[in-house]
There are 2 protein chains.
Amino acid sequence: MSRRELLMMIGAMAGSATSYNAMASMGLVEESRFNGPPKLDGDPKGASVLILGAGIAGMVAAMELRNAGYKVKVLEYNSRAGGRNWSIRGGDVYTELGGATQHCEFDKGLYINPGPWRLPYNHHGILDYARRLGVRVEPFQQLNFNAYVHSTQAFGGKPQRYREIQTDYLGHVSELLSKVTQQGKLNEMVSKEDEASLLDSLRRIGALDRRYRYVPGRESSNRRGFQKPPGGGLDARPIYSKDLTGLSEILKSGLWRSIGAGWSTEFQSTIFEPVGGMGKIGEAFGRELADLIEYERKVVKVHQNRKGVEVTYVDPKTDGNPRTVTADYCLCTIPLSVLSQIDLNINPKMQAAINAVPYAAAIKIGLQFKRRFWEQDEHIYGGISYTDLPIGSIGYPNTDYFQPGKGVLLGGYMFGPNAMKFTAMPPEERVKKAVEYGAQIHAQYPQEFDNGVAVGWHRVPWTLGCFGTWTDELRAQHYDDLCQIDHRFLVAGEHASYIPGWQEGAVTSAIDAITRLHHKVINA
Amino acid sequence: MSRRELLMMIGAMAGSATSYNAMASMGLVEESRFNGPPKLDGDPKGASVLILGAGIAGMVAAMELRNAGYKVKVLEYNSRAGGRNWSIRGGDVYTELGGATQHCEFDKGLYINPGPWRLPYNHHGILDYARRLGVRVEPFQQLNFNAYVHSTQAFGGKPQRYREIQTDYLGHVSELLSKVTQQGKLNEMVSKEDEASLLDSLRRIGALDRRYRYVPGRESSNRRGFQKPPGGGLDARPIYSKDLTGLSEILKSGLWRSIGAGWSTEFQSTIFEPVGGMGKIGEAFGRELADLIEYERKVVKVHQNRKGVEVTYVDPKTDGNPRTVTADYCLCTIPLSVLSQIDLNINPKMQAAINAVPYAAAIKIGLQFKRRFWEQDEHIYGGISYTDLPIGSIGYPNTDYFQPGKGVLLGGYMFGPNAMKFTAMPPEERVKKAVEYGAQIHAQYPQEFDNGVAVGWHRVPWTLGCFGTWTDELRAQHYDDLCQIDHRFLVAGEHASYIPGWQEGAVTSAIDAITRLHHKVINA
């Protein structure tokens with residue numbers, strides 16, 4: 001009896017809940033590594049932990065260790081909590097490496113999230129901390145059928161609506177597969193018995209007509225949109241969409257690459273964002289841990305000995321002398337890009353791991369416009385348009401729909417070489433370029449543009465990059481060395497996870513780290 | 001030169017905005033029949049219009065005619081505005097045909113929408129009235145990848161996650177098409193030049209591996225979910241999903257029928273719902289038109305003569321004698337199911353049309369539970385689960401995510417024979433059955449159930465059905481006759497539209513009707 005057959009039998013006998021539990025107990029399904037806050041039972045007997053970094057990993061660790069009875073102190077480089085969990089709002093000032101300072105001029109209530117902006121439903125850890133901290137969330141639209149997909153090399157540079165490209169592509173390939181099915185060319189792969197259902201299913205997937213053709217008509221228009229949609233009263237009959245895009249045209253355009261943008265686990269609906277900006281989570285953590293966090297502490301040295309750890313820091317805003325704090329243990333969440341430059345006395349394997357991981361280039365550009373023209377003129381409510389222009393994509397605000405007043409777009413979100421190029425420009429030039437490029441998608445840009453900010457992550461002084469970019473090879477060589485406890489020192493953060501670049505990586509990494517640390521303390 | 005070539009040339013020369021305008025001017029694209037409120041220029045010189053029904057159609061008409069200078073009065077059967085735009089909340093009392101009375105016991109803030117519950121982004125009319133009336137909206141989740149698809153006849157009756165079924169289906173069919181492509185079996189249909197892109201695209205659509213196979217591994221797990229998802233720290237490596245569902249199993253299960261639930265124009269993201277319930281729109285209209293609407297007026301006769309119309313009504317709550325009101329014109333939005341029983345003196349063709357349209361059977365069941373277990377236990381945030389059980393589907397609330405306290409599910413949404421069967425039961429029996437069936441999907445039902453309400457539309461005294469179910473044949477025969485102005489009488493509502501069962505049909509029908517009426521008045 002196969003495992004599936006066993007499960008079906010259990011299911012048939014005992015109802016779905018039993019079957020689900022049976023599957024869970026057999027290790028077949030697990031939605032998340034997060035199963036609630038860690039249970040740190042046992043008395044730490046006054047042990048102290050110094051946490052470096054008040055980002056998500058550091059603050060999750062601080063909160064849980066505090067709750068478990070540890071003496072906790074957090075040293076943070078910035079003057080705010082959150083780290084990459086960060087929203088830039090009107091009135092905020094940000095100085096990057098090299099000294100360029102941006103004064104954000106967004107209207108009240110508007111913001112851009114330079115770092116993470118999404119909370120996938122299956123990132124149970126970060127969502128649970130948001131809930132516990134009283135941070136309200138609202139849905140994030142990953143996939144908007146009425147947003148654009150755009151190639152400068154296709155359709156005369158005219159943006160296409162996502163709904164047209166997905167519908168036409170799926171229509172054509174479903175028709176192709178229907179044809180070969182009917183021609184008997186799948187005989188060795190699909191049983192006679194399944195053939196009729198396969199054809200039925202392809203008709204549904206592809207919006208094919210009764211004869212399994214993808215053609216202008218009711219079915220295709222109901223998916224891609226109408227030439228003239230149905231209405232009310234006289235003269236209300238719909239006119240079907242006539243100009244279906246050919247398969248060859250879609251394939252050559254490359255726009256099919258956007259299909260399935262909402263299908264991978266981290267982008268599947270339902271996705272969330274905090275009401276008021278991602279930074280609300282970091283801010284809430286900061287309030288919760290107000291008496292534990294010391295701000296404006298630049299760590300320059302971490303040394304451990306048999307008795308404890310000594311951490312040396314300077315206040316970057318003053319000329320004050322270095323100061324030293326001590327604790328029994330040190331949990332370090334400083335990004336490896338920065339940590340590799342700090343004086344550490346740790347084992348060579350861990351040091352090699354810290355030195356090995358390159359950091360991703362990424363840049364986000366927030367543009368304020370005088371009105372929400374994407375909604376008012378183009379009926380795009382949230383979601384993302386994709387383009388082969390250097391800006392990569394345009395993200396529309398997923399909040400305050402249909403409201404009057406100004407609005408802030410994510411006017412560019414770049415990785416790799418384009419991010420490098422843009423980060424090399426002065427901030428005002430990045431914004432200017434984003435407006436120029438974006439005007440190829442939204443003609444309203446030049447007239448409606450108001451002001452903008454641009455965060456290039458390689459110039460962010462406290463991260464020097466966006467997130468750790470592990471390869472399979474690097475992981476095999478270094479990952480386990482990075483995550484071990486080295487006497488009294490250990491690390492946590494998205495860089496110490498298999499969910500790089502996501503806050504869930506930081507949360508699960510922190511929980512794993514403190515759970516192991518606690519085990520060591522209790523059994524010391 | 002083809003039209004597409006012309007457009008591409010225009011686009012290349014002049015930029016996207018010009019091209020879009022060119023397309024619009026050539027009549028190639030139109031998103032909606034609604035282009036803002038009607039412009040009713042010209043003086044109606046004190047003409048009066050009596051509107052029957054304070055549903056969406058009647059109130060759109062009343063607001064615009066009032067704004068254009070008409071004397072307007074609205075007669076409404078119910079003691080509230082909105083018609084099928086309706087939210088039932090705790091404390092509400094509803095008596096259906098036959099006398100069964102339900103007292104809704106939902107907690108404060110919780111509701112069910114027995115009628116419409118969605119506002120598609122392309123229903124510009126109803127969305128614009130919501131905006132003008134100050135009704136805030138929030139996203140509705142049509143497609144939730146973590147919700148269930150369920151067949152009593154497959155997988156031992158165990159609900160499957162939508163993400164698993166869509167991923168496995170698209171994986172298998174993409175692999176099939178890849179195979180025949182590689183075997184040269186598409187040679188007559190796909191050019192050699194396009195073959196490589198087709199294979200690339202199928203790999204993306206189907207989450208295939210490098211050799212175009214749909215197999216357990218990183219690609220398929222990133223879509224369908226993992227056996228053990230990635231985490232942070234040590235032992236954080238993901239374990240890929242091993243038990244992919246076979247194509248034959250999916251085809252036999254029928255669960256593929258749910259794929260594409262979010263792909264048709266009315267279900268594509270972004271979809272909205274009013275914050276606090278759909279009824280917020282009707283209520284806002286009611287406040288806006290407070291001095292125009294008379295409630296508890298049951299119209300029994302509409303007669304017109306050369307000078308005007310005489311409408312006779314009774315107050316169903318009293319034994320009062322019939323009363324008559326007069327006006328120059330009458331716009332009637334009463335559902336045809338009811339209107340066909342009212343004494344009218346109209347032309348036989350219009351009367352035949354009114355008599356011809358059957359009304360859909362539909363029922364919605366709202367169930368309050370003691371906690372939001374679908375979120376807390378199963379991580380389903382909004383959206384819909386589909387089942388072949390008589391309840392048809394389960395709809396999860398798209399609001400107040402992650403909040404503690406009770407929650408209301410749409411515990412059943414049935415059309416056709418199942419709706420008939422459920423409507424024939426007493427309300428408490430409908431609710432009981434919905435809980436019994438739903439327990440096959442959510443084992444928590446029996447323990448967590450609190451109370452419920454059930455609205456069977458054929459027993460709603462003021463509609464006797466859910467909406468007009470036109471067939472193509474009926475439309476050919478009767479639709480234009482229904483929509484004409486018969487001297488001083490004309491109709492509006494979803495039944496006088498090509499968008500049956502949607503509020504947008506009511507809005508566009510009303511605007512078309514009053515625009516033609518106004519033209520007649522001005523030129524009289």
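Colleague: Let me start with one side chain: is Lys192(B) buried or exposed?

Modeller: The general idea is to look at relative accessible area, where under 20% is buried, over 50% is exposed and anything in between is partly exposed (1.4 Å probe, protein chains only). Lys192(B) comes out at 62%, so it is exposed. Before we go on, this is a predicted model, so local features need pLDDT of at least 70 and side-chain atom pairs count only at pLDDT 80 or more, while totals for chains, interfaces and linings use all residues. Residues are numbered from 1 along each chain as its sequence is written, chains are lettered from A and ligands numbered from 1 in the order in which they are written, and side-chain values use heavy atoms, without hydrogens or water.

Colleague: Which residue forms a salt bridge with Lys192(B)?

Modeller: A salt bridge here is a side-chain nitrogen of Lys or Arg within 4 Å of a carboxyl oxygen of Asp or Glu. For Lys192(B) the partner is Glu195(B), with the closest N and O atoms 3.1 Å apart. Glu195(B) counts as buried, at 13% relative accessibility. Both sit in helix H6 (residues 192-206) of chain B, and because they are 3 residues apart, about one helical turn separates them. Helices (H or I, at least four residues) and strands (E, at least two) are DSSP runs, numbered from the N terminus.

Colleague: How many salt bridges does the structure hold?

Modeller: Over all chains there are 54. One of them joins Arg132(B) to Glu64(B), with the closest N and O atoms 3.1 Å apart. That pair links distant parts of the chain: Arg132(B) is in helix H4 (residues 124-132) of chain B and Glu64(B) in helix H3 (residues 56-67) of chain B, 68 residues apart. Arg132(B) is partly exposed at 30%, whereas Glu64(B) is buried at 5%.

Then there is Glu96(B) with Arg459(B), where the closest N and O atoms are 3.3 Å apart. Glu96(B) lies in the loop between strand E4 (93-95) and strand E5 (101-103) of chain B, and Arg459(B) in the loop between strand E22 (449-456) and helix H16 (472-483) of chain B, so the pair ties together parts 363 residues apart in sequence. Glu96(B) is buried at 2%, and Arg459(B) is partly exposed at 28%. In chain A, a network of salt bridges links Lys73(A), Glu294(A) and Arg297(A).

Colleague: In what order do the 5 strands of the open sheet in chain A run?

Modeller: Two strands pair if DSSP finds at least two bridges between them. The order is E12-E2-E1-E16-E23, with parallel pairing. Strand E12 (293-294) and strand E23 (489-491) are the edges, each pairing on one side only. Strand E16 (residues 329-332) and E23(A) pair over 3 bridges, and Cys330(A) stands opposite Phe489(A) in E23(A).

Colleague: What relates chain A to chain B?

Modeller: Copies are superposed by least squares on the C-alpha atoms of residues with pLDDT of at least 70 in both. Chain A goes onto chain B with an RMSD of 0.0 Å, by a turn of 180° and a shift of 0.0 Å along the axis. That is the relation of a two-fold axis. Leu177(A) comes closest to that axis of the residues of chain A, at 3.0 Å (C-alpha). Also, 99% of the interface residues of chain A are interface residues in chain B too, so the copies meet through the same surface.

Colleague: Which residues of the largest nonpolar core touch the most other members?

Modeller: Such a core is a set of buried Ala, Val, Leu, Ile, Met, Phe, Trp, Tyr and Cys residues joined through side-chain atoms within 4.5 Å. Of the 55 residues, those are Tyr169(A), Leu198(A), Tyr169(B) and Leu198(B). Helices H5 (162-182), H6 (192-206) and H8 (247-253) of chain A, together with H5, H6 and H8 of chain B, each give two or more residues. Counting contacts as heavy atoms within 4.5 Å, and leaving out residues up to four places away in sequence, Leu198(B) touches residues including Tyr169(A), Val173(A) and Leu186(B).
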